Amino acid sequence: MSFNCDKYQELATFLDEFRTNVTAGKLSAGELRPHLAKLQAFFSQQIVPLVDTNSREQSYKTEISKQLRLLEVDMIFLQGAKQSTTLQARLKTIEERINTLIGYSQAITQPRKSQESK
């Protein structure tokens, strides 16, 4: 699973970079779109083809896929935000979704605690 872990760690790194771009507040929604496209392309080309070694990994991959689709919807809502308060709320939602995605990626790369104690 080492190769798979490397890919998920790389995904977490891309997600962290995307989160930095979102939280810096220097880029508009339109400027963030290429970063999201890069992230989605990496997932579809590098993560989706991986052979899952267990059902836990498959479950996380499914959740990551779902969250990436929701992140795309969040970006659409961000582009439509006109008021500052709405814009900030959308950015906060995107940041939370990215944090969730990073958590899923890290959960795959870290050994499962309950399995170690058995």
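I began with the surface: the protein chain exposes about 6900 Å², of which carbon and sulfur atoms supply 51%. Accessible areas come from the Shrake-Rupley method with a 1.4 Å probe, and for residues only the protein chains shown count as cover. I noted that this is a predicted model, in which local features need pLDDT of at least 70, side-chain atom pairs count only at pLDDT 80 or more, and totals for chains, interfaces and linings use all residues. Residues are numbered from 1 along each chain as its sequence is written, and side-chain values use heavy atoms, with hydrogens and water left out.

**Overall fold**

I looked up the secondary structure and found five helices and zero strands in the protein chain, in the order α-α-α-α-α along the sequence. Helices (H or I, at least four residues) and strands (E, at least two) are DSSP runs, numbered from the N terminus. The C-alpha trace spans about 50 × 30 × 20 Å along its principal axes. Of the 118 residues, 33% are buried; buried means under 20% relative accessible area, exposed over 50%, and partly exposed in between (1.4 Å probe, protein chains only). Of the contacts with a separation of 6 or more, 75% are between residues 24 or more positions apart, contact meaning heavy atoms within 4.5 Å.

**Lys-7**

I located Lys-7 in helix H1 (residues 2-24). Lys-7 is buried at 13% relative accessible area. Leaving aside neighbours within four places in sequence, Lys-7 is in contact with Phe-42, Gln-46, Ile-47 and Leu-50.

**Salt bridges**

I found four salt bridges in the structure, each defined as a side-chain nitrogen of Lys or Arg within 4 Å of a carboxyl oxygen of Asp or Glu. Lys-7 pairs with Glu-10, the closest N and O atoms being 3.9 Å apart. The two are three residues apart in helix H1, about one helical turn, and Glu-10 is partly exposed at 33%. Asp-16 and Arg-19 form another salt bridge, with closest N and O atoms 2.4 Å apart. Asp-16 counts as partly exposed at 33%, and Arg-19 counts as partly exposed at 23%.

Which helices does the Arg-97 and Asp-74 pair join? The side chains of these residues meet at 2.5 Å, N to O. Arg-97 lies in helix H4 (residues 84-109) and Asp-74 in helix H3 (residues 55-80), so the pair ties together parts 23 residues apart in sequence. Arg-97 is buried at 18%, and Asp-74 is buried at 9%.

Not counting residues up to four places away in sequence, Leu-71 touches residues including Phe-18, Leu-39 and Arg-97.
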